[in-house]
Amino acid sequence: MLRRCFQAALRFIPHWPALYQDVVSQQTVGKSLEIWQTAHWNTRGLSKMSLWPFSVKSRDFSQPNASWSAEMQDVYNRYNALCEAETEESGKTGTWRKLPSYNRTLKYVRGGVCLSKIIQSKSRLFTRNIKDLGAAFEYVVFLNQQEKRCVCVFQPGHLLEGPPGHVHGGAIATMIDTVTGTLAGYLAGPVMTANLNINYRSPVPLGSVVVLHSALDRVEGKKIFVSCRVTSTDESKLHTEATALFIAFKMGYLFGS
Ligand SMILES: CCCCCCCCCCCCCCCC(=O)SCCNC(=O)CCNC(=O)[C@H](O)C(C)(C)COP(=O)(O)OP(=O)(O)OC[C@H]1O[C@@H](n2cnc3c(N)ncnc32)[C@H](O)[C@@H]1OP(=O)(O)O
């Protein structure tokens, strides 16, 4: 029953919204695109259903909130200004773009908000499942699609303690996986982490603000190689270095089809 529900859902799920076909070969994403285009029509039909019983609003967690420190807000403002300035001046999509952040990955796809209320409705994204503002993962990701890189401003809260007063290595790994995975996902569609290598160079104090700089290294077929550095906001201090391998997959892989 559950499996049939997933398979039905897949007909509504297009591909990830951003696809950069120049990065991954047609062979790897071409067939997924066909599914996406078919689903796109289905979903447009869905959005026209006035009697659809669920709200389609979704909270965007990348918006500033009261828990953000002045430093977090400053760095956010710096990158956000780049997004706005370029968009306003050129009248076209800017080089930098602030990415929305939802508490379920389903919500990134067209029609996914509705599906998220049906399919495993209690599931939540690991980094967005604590309601207490500032207690755990406060972050926002900016994408530079031309340069195939992104930055994430991250303020780790008190629930992420590892060594006394400092951030747990697993929490740092989670953020590296999230940021590199987000970049790979925007470049190549659905991806899964196959390998993550991390070198921890200096501890990150709880409540401080760090920046994750992530860049695409190369693509080989369905393999997407991404690297990441975690630094202080002025980049004078290196906290962590990592490389990650993601594998592009078709959504059916997760649901046994
Ligand atoms: C708009 C878009 C929005 C997106 C924005 C979303 C924003 C929201 C943020 C959330 C972002 C969270 C990101 C978290 C992402 C996870 O946390 S994913 C969860 C953790 N990962 C897993 O559970 C993966 C488990 N592993 C697997 O399912 C499978 O092993 C994999 C990784 C899919 C590989 O599948 P496979 O079909 O078996 O791959 P296979 O054909 O054997 O290998 C393909 C190639 O990869 C190589 N390879 C495979 N595995 C490895 C490995 N471990 N090491 C080295 N090479 C490997 C193979 O050698 C092979 O190489 P070639 O021979 O082609 O040269």
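A: Starting with the record: UniProt lists residues 165–236 for "domain: Thioesterase", in an unreviewed entry. UniProt positions are in the numbering used here, feature names are shortened, and annotations may be inferred rather than shown by experiment.

Q: What are the ground rules for the model and the numbering?
A: This is a predicted model, in which local features need pLDDT of at least 70, side-chain atom pairs count only at pLDDT 80 or more, and totals for chains, interfaces and linings use all residues. Residues are numbered from 1 along each chain as its sequence is written.

Q: How much of residues 165–236 is helix and how much is strand?
A: The span is 28% helix and 43% strand, and its end C-alpha atoms lie 21 Å apart. Helices (H or I, at least four residues) and strands (E, at least two) are DSSP runs, numbered from the N terminus.

Q: OK, the sheet. What's the strand order?
A: The order is β1-β2-β3-β5-β6-β7-β4, an open sheet of 7 strands with antiparallel pairing. Two strands pair if DSSP finds at least two bridges between them.

Q: Which strands are at the edges?
A: β1 (96–98) and β4 (191–200), each pairing on one side only. The twist averages 20 degrees from one strand to the next; axes are lines fitted to C-alpha atoms, for helices over the stretch in contact, and angles run from 0 to 180 degrees between N-to-C directions.

Q: What does β4 pair with?
A: Strand β7 (residues 238–248), in the antiparallel sense over 9 bridges. There, T193 has F246 as its bridge partner.

Q: And which helix lies across the sheet strands?
A: Helix α5 (residues 169–188) lies across β2, β3, β4, β5, β6 and β7, at about 135 degrees to β4. Contact here is C-beta atoms, placed from the backbone, within 7 Å.

Q: How many residues are in the turn between β5 and β6?
A: That hairpin has 2 residues between its strands, and G221 in the turn has a positive phi of about 60 degrees. β5 and β6 pair over 10 bridges.

Q: Why does K148 count as partly exposed?
A: Because K148 has 19 C-beta neighbours inside 10 Å. A residue is buried with 20 or more other C-beta atoms within 10 Å of its own, exposed with 12 or fewer, and partly exposed in between, with C-beta atoms placed from the backbone.

Definitions and conventions:
Contact = placed C-beta atoms within 7 Å.
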